[in-house]
Amino acid sequence: MLGQVIEYLQNQNIQAEPGFNSKFVRWIIACAEDGRYLDVIEIGDTTSKKNQGQEFAMCPDFTQPEMVAGGTTKAHFLVESVEVVTLFSKETSSVKIKGKHAYFVDLLRQAGAAMPELKKIADLLQDSDLLVRIRQRLEDYKAKPTDKMTFRLGNTYPVESTVWHNWWREFRASLVSGVKKAPGASRSFLTGRLVQPAVTHPNKIKGLAGVGGQPSGDVLIGFDKEAFCSYGLEQSVNAA
């Protein structure tokens with residue numbers, strides 16, 4: 001059955017890759033192609049009071065283990081909350097928010113090695129006078145600090161580009177040593193091939209809270225009790 005699910009996803013060209021996720025973005029910082037700030041713009045169904053914003057399919061996304069790896073205060077790349085991107089928050093002196101903002105800007109600078117335009121956005125976000133103007137626009141719009149925000153350069157959204165994808169994959173891989181593998185080989189439940197199975201699966205399935213799932217996400221494969229295990233196998237090795 002699981003093999004048929006994979007085949008269906010491939011036939012429908014549905015993308016599913018760790019480190020990427022679809023996200024709704026309500027606000028953008030619009031810039032000219034040379035990086036000059038133009039305005040803050042609301043996108044999505046702007047006539048609705050419950051406007052979620054515009055959905056972007058392949059947004060960079062940290063898993064929860066990646067967010068806490070190394071004990072460093074982190075922020076998501078390219079798409080983040082208004083308060084993290086612009087420091088638009090009631091907690092203006094929050095060390096945590098300032099730390100996330102600095103991390104967000106630093107990610108843009110690092111990714112500039114693959115996509116130079118992102119360095120221009122990083123420069124913009126380090127202009128304290130300009131951030132005051134941006135926060136005033138958000139105040140005028142009555143934006144919420146938790147709303148999602150990204151950027152537009154000219155007529156293009158960097159988040160929709162694929163240029164930064166390989167940089168992002170390599171950056172995520174550098175954060176953790178990798179998923180722990182079990183010794184020996186097992187038959188994959190998905191492909192039927194012999195594989196070295198992962199002991200745990202850090203990526204969780206989100207969006208199931210309405211049907212009994214956990215708000216933080218749910219595991220597809222979980223063997224956290226001895227009664228669930230067979231043949232002396234431990235954890236997810238029971239379902240390679």
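Okay, let's start at Ser-188, which sits in the loop between strand 7 (186-187) and strand 8 (194-195). Helices (H or I, at least four residues) and strands (E, at least two) are DSSP runs here, numbered from the N terminus. Keep in mind that this is a predicted model, where local features need pLDDT of at least 70 and side-chain atom pairs 80 or more, while totals for chains, interfaces and linings use all residues. Numbering runs from 1 along each chain as its sequence is written, and side-chain values use heavy atoms, leaving out hydrogens and water.

Back to Ser-188: its relative accessible area is 12%, so we call it buried (under 20%; exposed is over 50%, partly exposed in between; 1.4 Å probe, protein chains only). Leaving aside residues up to four places away in sequence, Ser-188 touches Arg-193, Val-195 and Ala-240, a contact being heavy atoms within 4.5 Å.

Next, helix 4, residues 95-111. Its 17 residues reach 24 Å from first C-alpha to last, close to the expected 24 Å, which is 1.5 Å times one less than the number of residues. Its buried residues include Ile-97, Tyr-103 and Leu-108, and the buried set packs against strand 5 (80-81) and helix 7 (165-175), among others.
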